[in-house]
Amino acid sequence: MSDTRIVAARGPLSAEDLRGSGRRRRRERSIRGVFFGAASTAVVVSALIVLSLAGRALRFAVRVDPGALWTSGWFPRRGMYDLRTIFVGTFLVAGVAMVVAAPLGLGAAIYLSEYAKPRVRRWLKPGLETLAGIPSIVMGFFALAVISPDIVQKLASQATLFNLAAAGLGVGILIVPLVASVAEDSMHAVPNALREAAFGLGARRGGTSLRVVVPAAVSGIVAALIIGVSRAIGETMVVAVVAGGTGGSAFTLNIFHPGQTATAAMAALATGSDQVKGEALTFESLFFVGFLLFVMTLVLNMVSERFVRRLRKSF
Amino acid sequence: MATVVEIELTREAVGRALRGRRIRLGTVAFQALLLLTLLIAMGVLVALLGDVARTGLPVFQERGTDFLRTGYSTLASRAGVFQGLVGSLMLMGFVVVIAFPLGIGAAIYMEEYARNTRLTRFINANIRNLAGVPSIVYGLLGLAIFVEALGGVTGGLTVISGGLTLSVLVLPIVMITAAEALRAVPQSVREAGYGVGATRWEVVRSHVLPSAAPGILTGTILSLGRAFGETAPLLLVGAKLGFIATGGGSLLDKLHGPYTSLPSTIFVFTRQPNQEFQALAAAAIVVLMAVLLVMNSGAIVMRNRYERRW
């Protein structure tokens with residue numbers, strides 16, 4: 001009230017009068033500063049990740065005998081850092097995982113987006129969310145207790161109890177919800193006019209889904225698959241429990257044999273009896289592998305994001 | 001004559017098309033196939049929960065709550081998850097105190113204050129990339145920064161380092177979910193606040209935050225659940241089995257002692273070769289899943305009850 005009176009006394013209102021008191025503005029600025037500080041932690045954390053990885057990764061790359069990077073297996077405590085072993089293992093596990101997650105995730109996405117009635121959705125969505133919330137150590141236990149003996153060993157008699165295939169199946173199930181939700185989002189973004197046009201031409205629901213909606217949403221679907229691969233590559237505990245590469249692993253291309261992935265190799269280094277010590281460069285190798293893993297997932301995530309953006313732009 | 005036949009034929013064809021013909025096998029099969037993919041995923045979930053319950057529940061029948069109250073032992077008949085539970089609760093404390101305020105604050109900045117500048121887009125890209133970094137890489141960050149560089153403050157491989165590592169891990173998730181909740185508040189609410197002369201912070205505090213609170217809370221609880229089940233990064237920042245400073249000693253002593261967490265305990269049990277420990281692992285998973293279920297269903301109930309549709 002008193003403010004209005006002052007303004008009235010001074011004559012016509014100017015922009016100056018609307019700025020409020022200096023104290024109020026200073027308080028606003030400092031609050032804004034606090035929130036900006038919170039937001040900038042994201043940049044700080046990114047920088048810290050690169051900083052904490054790059055130094056030791058570089059030291060490893062400089063000091064390691066190049067011959068040690070191409071040996072018969074990954075046995076860091078014996079100075080054998082065969083990168084082939086752990087990265088081929090990583091791709092084998094991710095490959096098996098995608099064989100499971102791609103059809104299941106995309107099928108689920110098409111069903112939820114194009115077929116499911118609201119009532120059915122209300123039951124299926126929380127189910128998928130629960131599956132997404134299963135901690136990976138729990139899936140690791142299940143892979144060792146059930147998937148490996150009851151599925152993998154039944155299908156392939158030569159399979160050992162610890163094997164890459166069981167790890168891949170477990171990881172695949174874990175990433176189904178992620179693939180399904182990204183793919184469903186992209187199909188949801190396809191305008192209804194496209195579906196109605198197809199129905200108007202006499203197409204049935206199946207044809208509309210496969211020939212109209214899926215092609216229209218294809219970049220989102222590609223993004224879903226890429227982000228699935230990225231998650232599969234970074235998954236640790238399932239592989240650490242059931243792939244069987246405790247301590248080290250010989251090179252293998254056979255998914256029914258024990259093997260090692262980049263993530264499980266790091267977990268094994270951290271849980272070994274002598275903790276992360278031993279041979280001179282063992283500790284550094286941990287950071288080197290971590291750095292490669294970080295770069296790989298970063299590139300995949302960025303590519304996936306580009307595909308999502310392309311989808312958003314087209315509608 | 002011919003036209004009458006044609007008209008008849010046309011009418012028949014149109015009628016058939018409108019009524020729909022016989023059920024098409026291919027259509028039904030395709031829909032069934034799609035539903036099957038979902039049912040397989042759900043089936044695995046049910047099988048997983050069933051197997052864990054079947055293996056784990058006998059432990060509770062045999063030992064009751066003793067399993068929750070005893071610590072680690074090399075004897076399967078005496079080993080429990082007490083230290084894991086206590087450790088996990090302490091770790092959650094760190095996440096609540098560190099990751100929640102930072103994450104929500106960042107979300108407020110990104111949604112309410114930031115203009116579309118290059119810096120804003122850079123911060124945004126960082127947040128989204130952090131959310132996709134594998135959890136074990138956060139373990140390396142914790143090892144290099146919290147355990148080694150800040151070892152003087154954290155005491156090295158302690159629950160403080162573990163808590164900080166988990167906080168950093170869920171920070172981007174909290175930021176993203178809180179930002180989504182803020183974005184759902186319609187612009188008109190803010191404009192109404194500005195219209196009566198409120199400053200930005202006043203609008204945020206008295207209108208935007210209360211409206212977005214249920215969504216923010218749901219998101220934070222879900223990210224707390226994520227931190228609760230996380231194992232891999234803790235392997236690198238020292239969650240060991242069986243050691244936690246219990247009894248005696250000040251709080252600071254406890255924080256500086258060795259620690260473990262519930263998922264780490266499960267990992268150790270799982271790696272023991274004999275059958276009794278497999279049952280213990282399953283029983284510990286029952287505890288973990290029960291806590292997660294309570295947290296997640298609480299979050300969902302809260303979302304359904306308090307979420308406002310604009």
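Along the principal axes, the C-alpha atoms of chain B fill a box of roughly 105 × 65 × 35 Å.

Residues are numbered from 1 along each chain as its sequence is written, while chains are lettered from A and ligands numbered from 1 in the order in which they are written. As the model is predicted, local features need pLDDT of at least 70 and side-chain atom pairs count only at pLDDT 80 or more, whereas totals for chains, interfaces and linings use all residues.

Buried residues make up 43% of the 310 residues in chain B; a residue is buried if 20 or more other C-beta atoms lie within 10 Å of its own, exposed if 12 or fewer, and partly exposed in between, with C-beta atoms placed from the backbone. Two residues are in contact if their C-beta atoms, placed from the backbone, lie within 7 Å. Among contacts in chain B between residues at least 6 apart in sequence, 75% join residues at least 24 apart.

Chain A comprises 12 helices and 3 strands. Its radius of gyration is 27 Å, well over the 20 Å given by the globule rule for 315 residues, so chain A is more spread out than a compact globule. The corresponding box for the C-alpha atoms of chain A, taken along the principal axes, is roughly 90 × 65 × 30 Å. Of the 315 residues in chain A, 49% are buried, and 77% of the contacts between residues at least 6 apart in sequence join residues at least 24 apart.

Domain assignment, with bounds that come from an automatic or database source, divides chain A into domain 1 (14-63) and domain 2 (67-314). The C-alpha centres of domain 1 and domain 2 of chain A lie 34 Å apart. Contact between them involves 9 residues of domain 1 of chain A and 8 residues of domain 2 of chain A. The side of domain 1 of chain A that touches domain 2 of chain A has 6 nonpolar, no polar and 3 charged residues. In this classification Ala, Val, Leu, Ile, Met, Phe, Trp, Tyr, Cys and Pro count as nonpolar, Asp, Glu, Lys and Arg as charged, and the others, Gly among them, as polar.

The 3 strands of chain A form an open antiparallel sheet in the order β2-β1-β3, two strands being paired if DSSP finds at least two bridges between them. Strands β2 (80-81) and β3 (249-250) of chain A stand at the edges with a single partner strand each, so one side of each is left without a neighbour in the sheet. Strand β1 (residues 73-75) of chain A is joined to β3(A) by 2 bridges, in antiparallel orientation. Within this pairing, A:Trp74 stands opposite A:Ser249 in β3(A).

Helix α11 (residues 262-271) of chain A is largely enclosed by the rest of the structure, because 10 of its 10 residues are buried. Among them are A:Met266 and A:Leu269. A:Ile134, in the loop between α4 (118-132) and α5 (136-155) of chain A, is also buried, with 21 other C-beta atoms within 10 Å. Beyond its neighbours within four places in sequence, A:Ile134 is in contact with A:Met139 and A:Leu174. A:Ile134 and A:Leu174 are 40 residues apart in sequence and 7.6 Å apart in space, C-alpha to C-alpha.

The contact between the chains takes 65 residues from chain B and 65 residues from chain A. Helix α2 (residues 25-63) of chain B gives the most to the side of chain B that touches chain A, with 17 residues. That side of chain B divides into 46 nonpolar, 16 polar and 3 charged residues.

The model scores ipTM 0.88 and pTM 0.88. Chain A averages a pLDDT of 88, and 93% of the residues score at least 70; pLDDT is the predictor's confidence in each residue, from 0 to 100. Confidence in chain A is lowest in helix α1 (residues 2-10), at a mean of 52, and highest in helix α9 (residues 218-234), at 95. Chain B averages a pLDDT of 87, and 92% of the residues score at least 70.

Technical notes:
Helices (H or I, at least four residues) and strands (E, at least two) are DSSP runs, numbered from the N terminus. The radius of gyration is taken over C-alpha atoms; the globule rule is 2.2 Å times the number of residues to the power 0.38.
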